Every structure is written in C-alpha cells, then in structure tokens.
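Here is a short walk through a structure. Keep the sequence and the 3D view side by side as you read.

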Amino acid sequence: MDAPSPTANDGGKLAENIAYFARALREAGLPVGPGSVLDALAAVEAARVGTREDFYWTLHAVFVKKHEHSDVFAQAFRIFWRRKALIEKIISTMSPATPPSRNEKERKPDAGSLRAAQALLKQDKPPEPQEEQKEEFSARLTVSEREILQGKDFAQMTAEEIARAQRAIAALTLPDDRVLTRRMTPSVQGLRIDLRRSLRKSLRAGGAVIELARMERATRRPPVVALCDISGSMAEYTRLFLHFLHTLTDARRRVHTFLFGTRLTNVTRALKSRDPDEALALCSAQVQDWSGGTRIATCLHEFNREWSRRVLGQGAVVLLFTDGLERDGAADLAVEMDRLHRSCRRLVWLNPLLRYDGFEAKAQGIRAMLPHVDEFRPIHNLQSMETLVKALAAEGSVEADPRRWLRRVA
Amino acid sequence: MAPLPTSIDDTLKLLSAGSYVADRSLATVVFLALRMGRPILLEGEAGVGKTEIAKVLSKVLGRTLIRLQCYEGLDVSSAVYEWNYAGQMMAIRLAEAEGAVDRARLEDDVFSEHYLVKRPLLQALAPDVAGPPVLLIDELDRTDEAFEAFLLEVLSDFQVTIPELGVIKAEHPPIVIVTSNRTREIHDALKRRCLYHWVGYPNAERELQILKAKAPRAPARLSREIVGFVQAIRSQDLFKAPGVAETLDWASALVELDAVALDPAIVSDTLGVLLKYQDDIQRMQGSRVKAILDEVKAGATAKA
C-alpha cells in the first residue's frame with residue numbers, strides 16, 4: 001500500500017499519481033476517461049508546472065468539463081495532493097485495526113467534499129483488503145445487500161441504510177415515457193416525405209435522381225410535476241422521495257416539485273442544483289413547515305389556482321405523494337382533486353400507507369381523493385420505487401387501479 | 001412613418017392616441033424598448049391586453065405588424081422560411097434538359113433567394129418602406145424549448161442563419177414584442193435578452209378609462225357599476241378572474257341588452273360572458289351576486 005505522494009519531479013511517480021487522482025475523481029462522480037489521464041500528463045509536462053496553483057489549474061482544465069464539477073474537483077484536489085501527513089491519516093482510518101470512521105455525519109462538510117473524501121478513502125485502500133471492509137466502503141451495493149434493502153421499509157432504515165438507498169435511487173433506470181409531438185424528425189421508415197432533405201441529397205448527386213428522404217413525428221418526455229407531502233406522518237419517506245425527485249430532475253428537463261404541509265412551497269429550483277446533498281439542504285432552507293400538520297385541500301387549492309396553469313401544460317404527469325390523512329374538509333378535498341385530475345394527463349397517487357397488507361381505503365380523506373386519481377401506488381421501499389419507474393414508462397395497470405380499493409371497502 | 005417617442009410621457013400619449021390606456025410602468029418599458037432596440041417580454045393573465053400593445057404600436061407608429069402565433073410543434077419551416085420545392089425540382093429538370101449540369105452552379109441557383117418562401121420571422125428582418133416592422137411573437141409559452149432556443153439568435157442579433165444561404169441580418173432591427181401566458185416558464189437565457197414586464201389587472205380608475213375609450217356606448221352609470229363589480233369579483237376566490245377583455249365583452253353585452261344599471265337578474269343571466277369556468281359561475285351564482293352588487297352600489301353612492 002504505497003501512498004501516492006505528489007513528487008512532481010519524479011516522472012514515473014507523477015504519472016502514477018495522476019492516474020490515481022483520475023480514479024478518485026471518477027469515483028467522486030466526474031466523467032473522467034483514460035484519455036484525459038494522458039491529456040493531463042501531456043498538459044502538466046507542456047505547462048512546465050512550477051507552483052501548486054498552476055498545477056491545480058492545469059489539471060482543472062483537463063478534468064473538469066462542467067461548471068458544477070468544479071467544487072468536487074477542488075475538494076478532491078485538496079485532499080489528494082496534500083502533504084504526506086494527511087495522506088497517512090487517511091491511510092490510518094483505512095487500516096483494518098481501526099474501524100471505519102463513523103464521524104461522517106458529525107462533520108457535515110460542504111457539498112461534494114463528502115463524496116470526494118469517500119472516493120479517496122475507497123481508492124487508497126490496501127491492495128488486498130478483507131471482505132468485510134470491502135462491504136463497509138463499497139459505494140455500490142453488493143447483490144445480497146441489495147436484496148435486503150429492496151424490501152425494507154424506508155421508515156425502518158438506519159442512517160447508513162438510507163445512505164445506501166440513496167445511492168440505489170441515484171442508480172435507478174429512469175422511466176423512458178414518451179409522447180408524440182407535432183414536430184418532425186428524420187427517419188428511415190417514416191410515412192411522410194422530407195422534401196428538404198430529399199432535394200439536398202439529390203443535388204449532392206448532381207440532381208439526376210431524387211431519392212426520397214422520410215420523416216416521422218418526434219417524441220419527447222412529458223413534464224413531471226410532483227406534489228410532495230412533508231407533514232409529520234410522512235417524515236420518514238419524504239427525504240428519500242426527494243432524493244428520487246432529485247435524480248429525476250437531474251435526468252430530464254421538465255420536473256417541477258412542490259412541497260406541502262400547511263402551505264405550498266415550490267422547490268423546483270432548489271432541486272436543480274446537481275449535488276444531492278446541496279439540493280436537499282436548499283429545499284429544507286426554503287420550507288417552513290417540515291414535519292408539521294397537513295392541510296391537503298388548502299394546499300391543492302393553492303396549487304390549482306397559482307400553479308396548475310403554469311406547470312401542467314403539454315401533457316404533464318402528476319405524482320401526488322401523500323398519505324391522504326386529511327382531518328377537515330373532505331368535500332373541499334374532492335373538489336380540488338377533481339380539478340387537479342382534469343388539468344393533467346395522468347395523476348398518480350403514491351401512498352406509503354399501502355405498505356400495510358391490510359390497508360383499506362376507509363379514512364375520509366382517502367375516500368375523497370381515490371375516485372379522482374388514475375393510479376394508486378405504494379412508495380415505501382426501493383422495490384415500490386422501481387415499480388413506479390416502470391409504471392411511468394408504461395400505461396396504467398390493473399394493480400394500481402384506484403377503483404379496486406374503493407370496491408374493497410364498499 | 002411616425003417618429004419614435006422621445007420620453008415616457010410621449011410614449012404614454014402615443015399609446016393613448018391608439019386608445020390604449022397604459023400605466024406608467026408599461027409606458028416606461030415600451031419607451032426603453034424602442035430606445036434601446038431590445039425586445040419586450042410581456043407576461044400576464046389572459047385578457048389583460050398584452051397582444052393589444054403590439055397592435056396599437058404598429059398602428060400609431062405606422063409600421064407593419066407581423067404576427068407569429070406560437071403553438072406546440074411550431075418549427076423553422078413555418079416560422080422562418082421554407083423552400084419552394086416544386087420550383088426547385090423544375091429548375092433541376094430544366095437544367096438537365098439543357099444538357100450540361102454544373103453541380104455547384106445548380107446548387108447555388110436552386111438554393112437562392114428566388115426559391116425562398118419567407119415566413120414571419122424572416123419577413124420581420126426584411127427592410128420595409130414604412131420602417132422596421134412590429135414583430136409580435138404571441139403566446140411563446142405554447143411552443144417548446146427547442147423553438148425558444150432558436151429564437152435566441154433572432155432576438156439578440158436580429159439575424160437568422162439559413163444553412164444553404166448564409167446569415168440574413170436585419171439592417172434596422174424590428175420592434176419585437178413577445179407575450180406569454182405563463183403556462184410554462186420561459187427560459188432565463190431568453191428572458192435575459194428581453195425587457196420584462198408583468199401586465200396585471202388594471203385598477204378601478206384605469207379600467208373605467210379603458211371602458212370609456214373602448215366601449216363609449218355604455219352609459220356612465222353602467223360603466224361605473226360594471227367596473228365596480230368586476231373589481232369586486234377579482235378579489236373573490238376564483239379559478240380564473242375576468243380580464244379586461246371580459247369586462248369589455250360584458251359591457252357591450254349589457255349595452256346590447258339595453259341595460260342602464262346592474263341588477264341581480266341581469267348579472268346572473270350574463271355571468272357567462274365574464275366567467276369561463278363552471279365552478280366559478282356556480283360559486284358566484286345566486287346570493288353572492290346580490291351581496292357583491294349591493295356592496296358596489298353602496299360604494300358608488302358613498303363616493304358620489
């Protein structure tokens with residue numbers, strides 16, 4: 001376990017260290033390919049790096065391709081290229097004698113640094129670690145762990161398991177639902193003739209033959225609007241659901257997220273920041289009613305009035321994440337749900353209460369809301385989250401039919 | 001071609017000459033836009049007179065109005081330009097019939113301005129004897145982001161790139177007015193290039209002026225009551241509050257019915273002109289109308 005030390009004068013060591021550093025960056029989430037390692041070496045040689053700052057910006061120029069990655073890079077650089085003393089400290093936390101550090105939670109570092117640090121810890125591991133340690137540090141889930149996590153209720157997870165679940169959520173294959181637009185796109189088997197391309201193609205060949213180029217209707221992903229209950233009864237689930245929404249926001253362009261307890265808050269912009277920890281911190285800074293009571297009808301009314309026309313255009317899918325336990329005004333709730341249902345293309349209600357086998361749609365609020373949703377789905381563990389992802393890509397299915405629940409009680 | 005206004009007051013006068021009753025903030029934005037040659041982005045609820053501004057400006061300045069109505073799927077071939085394919089094919093066949101085909105020349109000939117069909121955006125960049133035209137890009141929120149991105153070039157440099165022909169740049173930039181109903185958010189990049197203004201509902205005084213300018217046939221007392229009533233129901237909890245356009249429609253409907261004052265029966269019968277959602281109409285129907293009407297009348301007599 002040779003610690004990478006930044007001795008820039010030794011050519012062989014430098015190459016090795018840059019390769020290590022690139023691997024660390026990759027673990028921290030930067031898209032760094034082997035090509036950029038070669039580039040970095042060439043750049044460092046070409047730049048005749050003298051000072052630490054030059055070195056920093058040389059590597060930065062090669063490895064960082066996006067503004068958001070700058071912070072992660074800065075942290076990784078700081079940790080990696082520090083003098084030996086600190087590298088040894090990292091090594092000591094890694095050694096089998098001392099248990100892996102649990103202080104990640106206490107020193108809440110700024111966004112990105114945690115990930116960079118974790119990536120470095122992982123990568124500086126001794127060459128032949130024991131099996132348990134591998135599990136402790138692995139950023140990805142092993143198969144058996146995954147299986148246990150899959151079925152585990154979010155509410156029963158330990159902090160560590162939640163962290164793992166978050167990573168699993170980030171790795172989810174997101175729904176590839178598409179709706180037709182009126183725009184045309186080139187296609188080999190399209191039904192319509194693309195005259196413009198046909199003519200250009202024909203002229204390229206001298207205009208003797210006109211070979212027909214074809215086009216078809218383009219598709220795009222419909223916008224997703226998430227309305228997310230953050231009242232006390234939902235507290236255990238909200239955080240992970242927000243992670244899910246963050247992943248979704250990252251992957252597609254039009255995702256709007258609203259949080260509601262006793263009032264409605266639009267956190268779309270907060271969730272747009274790339275780093276999940278930062279995004280969630282921004283969200284909670286914006287919201288004043290975390291884990292309080294719920295006034296579903298009032299909040300839905302506000303959404304319908306202020307936002308529905310602004311975000312529900314162009315065939316939006318609404319994900320309503322709430323347990324539906326509304327104390328007052330079931331009649332108002334039904335009216336607002338009806339309005340919401342008629343303003344969107346598809347309304348999916350995600351209810352963690354469905355985790356109970358004997359769940360029955362008896363509560364007043366639930367009975368008021370159920371007739372107005374297209375789908376009624378559980379969302380209490382990773383498995384149900386995966387089912388949701390699949391369901392978003394497909395059309396409505398029998399097991400999510402809300403009428404099934406109403407019939408059972410009737 | 002009328003000269004451009006030289007001050008905000010001038011702009012206000014100019015707009016009222018086109019019987020558009022603007023408030024000072026709107027006049028300021030219009031003045032700045034004319035002065036700086038920047039597009040205006042107008043956002044606001046439906047029926048508050050966003051589109052009307054473009055129409056009035058073109059009228060009072062004596063410019064051509066070029067309107068591009070946005071819709072989902074709007075693409076370059078219907079917004080900017082299209083080639084005349086039939087003509088191009090003819091040209092190719094004729095060249096063939098003549099014998100020798102010089103490929104480079106043929107391509108130049110076929111993709112020349114002669115075969116270019118100009119759509120609104122390109123028309124707006126072309127020189128006009130009446131001065132640079134007023135380009136109205138209406139309800140931008142209805143189209144998709146792809147088209148919005150395309151507009152960036154047009155709105156910042158007043159130019160369009162046609163791959164076969166090159167860059168077409170306006171000698172004198174048109175007066176551009178973009179409107180949006182906010183059914184989705186316009187991208188920041190586009191907003192950055194425009195002067196932004198939110199067009200709100202007018203206050204009672206200004207709405208009365210608008211009514212006088214636009215519906216002069218309505219008796220004074222009726223006008224006052226109409227404005228009072230509309231202002232009152234805008235503060236009610238409605239899904240869609242009536243805009244100025246609805247007020248004007250209602251006024252002309254009441255004039256057609258020969259009403260001289262509002263009474264609960266006639267209001268209930270004509271509520272559909274003012275409110276366009278069944279829930280809203282139901283909520284307002286019956287005793288609510290009477291209560292509001294009483295309030296309005298009490299207010300009017302108190303003032304008089």
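This is a predicted model: local features need pLDDT of at least 70, side-chain atom pairs count only at pLDDT 80 or more; totals for chains, interfaces and linings use all residues.

Residues are numbered from 1 along each chain as its sequence is written, while chains are lettered from A and ligands numbered from 1 in the order in which they are written.

Start with chain A. It holds 18 helices and 9 strands. Helices (H or I, at least four residues) and strands (E, at least two) are DSSP runs, numbered from the N terminus. Of the 410 residues in chain A, 33% are buried. A residue is buried if 20 or more other C-beta atoms lie within 10 Å of its own, exposed if 12 or fewer, and partly exposed in between, with C-beta atoms placed from the backbone. Two residues are in contact if their C-beta atoms, placed from the backbone, lie within 7 Å. Among contacts in chain A between residues at least 6 apart in sequence, 73% join residues at least 24 apart.

Chain A has an open sheet of 3 strands in the order β1-β3-β2, with antiparallel pairing. Its edges are β1 and β2 (192–193) of chain A; each has a single partner strand, so one side of each is left without a neighbour in the sheet. Two strands pair if DSSP finds at least two bridges between them. Between β2(A) and strand β3 (residues 214–220) of chain A there are 2 bridges, and the two run antiparallel. Ile193(A) has Arg214(A) in β3(A) as its bridge partner.

Now turn to the place where the chains touch. Chain A brings 15 residues to the contact and chain B brings 19 residues. On the chain A side, β1 (179–186), α10 (195–204) and α14 (296–311) each supply at least two residues. By class, that side has 4 nonpolar, 5 polar and 6 charged residues. Here Ala, Val, Leu, Ile, Met, Phe, Trp, Tyr, Cys and Pro count as nonpolar, Asp, Glu, Lys and Arg as charged, and the others, Gly among them, as polar.

Next comes chain B. In strand β5 (residues 134–138) of chain B, 4 of the 5 residues are buried. Strand β2 (residues 65–69) of chain B pairs with β5(B) in the parallel sense over 5 bridges. Leu135(B) in β5(B) is the bridge partner of Ile66(B). β5(B) also pairs with strand β8 (residues 175–180) of chain B, again in the parallel sense, over 4 bridges. There, Val178(B) in β8(B) is the bridge partner of Ile137(B).

Val178(B) leads on to the core. Of the 70 residues in the largest nonpolar core, Ile40(B), Ile177(B) and Val178(B) touch the most other members. Helix α2 (residues 24–36) of chain B gives the most to this core, with 6 residues. A nonpolar core is a set of buried Ala, Val, Leu, Ile, Met, Phe, Trp, Tyr and Cys residues joined through C-beta atoms within 7 Å. Leaving aside neighbours within four places in sequence, the contacts of Val178(B) include Pro39(B), Ile40(B) and Cys194(B).

Finish at helix α3 (residues 50–61) of chain B. Its buried residues include Lys50(B), Ile53(B) and Leu57(B). Among the elements that cover the buried residues of α3(B) are β2, β5 and β8 of chain B. Just after α3(B), Gly62(B) takes a positive phi of about 65 degrees.
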